[in-house]
Amino acid sequence: MDTIVNTLLKFCDQTGFASCHYQNVIMIIVALFFLYLAIKHGFEPLLLVPISFGMLLANLPMTGVFLESVIHAGITNSNQLADAGILSIFYMLKPVLPSLIFLGVGAMTDFGPLIANPKSLLMGAAAQLGIFFAFFAAIALGFNAQEAGSIGIIGGADGPTAIYLTTKLADHLLGPIAVAAYSYMALVPVIQPPIMKLMTTEEERKIKMQQLRVVSQREKILFPIAVTIVIALMLPSVAPLVGMLMLGNLLKECGRTTRLAETASTSLSNILVILLGTCVGASATGETFISVKTILIVVIGIFAFAFGTFGGLLIAKIMNKVSRTPINPLIGSAGVSAVPMAARVSQVEGQKADPSNFLLMHAMGPNVAGVIGSGVAAGIMLCMFGGY
């Protein structure tokens, strides 16, 4: 009988229940809540499901799927791979995953609306107001310049850019920053509409815009090449991000590499989303995530995103007043980098005011401009603080 009891006690000691702390419980609840939002309410499930499940796995005790000791020490020989933890291996790919994600984004993006209406760049630039608001707010709350720069990029609502910048400036904050950035991207349909309604009148939301001109294939081919040259010369540190974005777009638009564009935008993107999503979620362990700094980052992030939306709407309202052709201010909110979610929200809110209104293509101009704008903002942060 004693042998049986001792065996049972030994078994219980080796289960996750015996090692479960309150931090694990809290993070498991957070992961389940995110899964609920993604599956039940459809809040960007392609992002939230991998992130949430990665968070869930990493916070289940004794699973060994995510080992911070392996991440800090690295893997020096192949024998260590077996015990490294699958999400730990995914996590060590994080320096290249954001750039590869941008390759797929570029292959799925149509820069035609931006080329047809270059004024959209102003709305995309204004929407980066949230980045600089968050930067100065983080400085005021005691973060150093490198940490503040990484936190600030949350305001651009661009997950890959946030990971890319944080990896270089403040790698120890990658978990909370990445989770905050991707969570707010997924919650665009919840966060933006109240701000859009507060900032615009019923008459403004009903404004119908003139049809965009047809953009030639030559223009679409020259655009990614020109943008790559200009930004790489101006901000070399973000050439991997912007370069991959524009390469993906060139594969799509040149007409000679359809197979490559399809692979980049489908199979490759899907694989990368799984890898990046799960490792981002796994980085949000109870030990690193439950802290005062994390709470501050999450709070700053939501205000940063709100200010970015505010900046885009404000410049769109001003442009509508001075422009010869009508501009619906709702498209300004799409200046944040959440492609194409923010543009879809502009479309939905426009159709609530007038069911015959069609703003999606107009909103895509500021939306893709925001992607470029957040990359430029990240480059500025790297130039200013990357050498510290």
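Helices in this account are DSSP runs of H or I of at least four residues, numbered from the N terminus. Ser 120 is found in one of them, helix H8, which covers residues 120-126. The structure is a predicted model, in which local features need pLDDT of at least 70 and side-chain atom pairs count only at pLDDT 80 or more, whereas totals for chains, interfaces and linings use all residues. Residues are numbered from 1 along each chain as its sequence is written, and side-chain values use heavy atoms, with hydrogens and water left out.

With a relative accessible area of 0%, Ser 120 is buried, a term that denotes under 20% relative accessible area, with a 1.4 Å probe and protein chains only. Its contacts (heavy atoms within 4.5 Å), leaving aside neighbours within four places in sequence, are with Pro 113, Leu 114, Gly 365, Pro 366 and Ala 369. Not counting residues up to four places away in sequence, Ser 333 touches Gln 192, Met 196, Thr 309, Gly 312, Leu 313, Ala 342 and Ser 346. Ser 333 and Gly 373 are separated by 40 residues in sequence and by 14 Å in space, C-alpha to C-alpha. The loop between helix H20 (292-322) and helix H21 (341-353) also holds Pro 340, and the peptide bond from Val 339 to Pro 340 is cis, with omega near -10°.

Two helix pairs were examined through their axes, which are lines fitted to C-alpha atoms over the stretch in contact, with angles running from 0 to 180 degrees between N-to-C directions. Helix H2 (residues 22-40) packs with helix H3 (residues 45-59) at an angle of about 160°, the axes being 8 Å apart. H2 is therefore roughly antiparallel to H3, a description applied to angles over 145 degrees. By class, the contact of H2 with H3 has 15 nonpolar, three polar and no charged residues, where Ala, Val, Leu, Ile, Met, Phe, Trp, Tyr, Cys and Pro count as nonpolar, Asp, Glu, Lys and Arg as charged, and the others, Gly among them, as polar.

The axes of H21 and helix H22 (residues 360-385) come within 8 Å and cross at roughly 145°, and this crossing is right-handed. From H21, the contact is made by Ala 342, Ala 343, Arg 344, Ser 346 and Gln 347, and from H22 by Leu 360, Ala 363, Met 364 and Asn 367. The residues of the contact of H21 with H22 comprise five nonpolar, three polar and one charged.

Helix H16 (residues 239-253) has 15 residues and spans 20 Å from its first C-alpha to its last, close to the 21 Å expected at 1.5 Å a residue, the expected span being 1.5 Å times one less than the number of residues. Buried residues of H16 include Leu 241, Val 242, Asn 249 and Glu 253, and their cover includes H6, H11, helix H15 (217-234), H17 and H22. H16 is followed by Gly 255, whose phi is positive, near 85°.

Methods: Helix = DSSP H or I, 4+ residues; strand = E, 2+ residues; numbered from the N terminus. Parallel < 35°, antiparallel > 145°, perpendicular 65-115°, else oblique. Buried < 20%, exposed > 50% of the residue type's maximum accessible area, 1.4 Å probe, protein only. Left-handed = near helix turned anticlockwise from the far one by under 90°.
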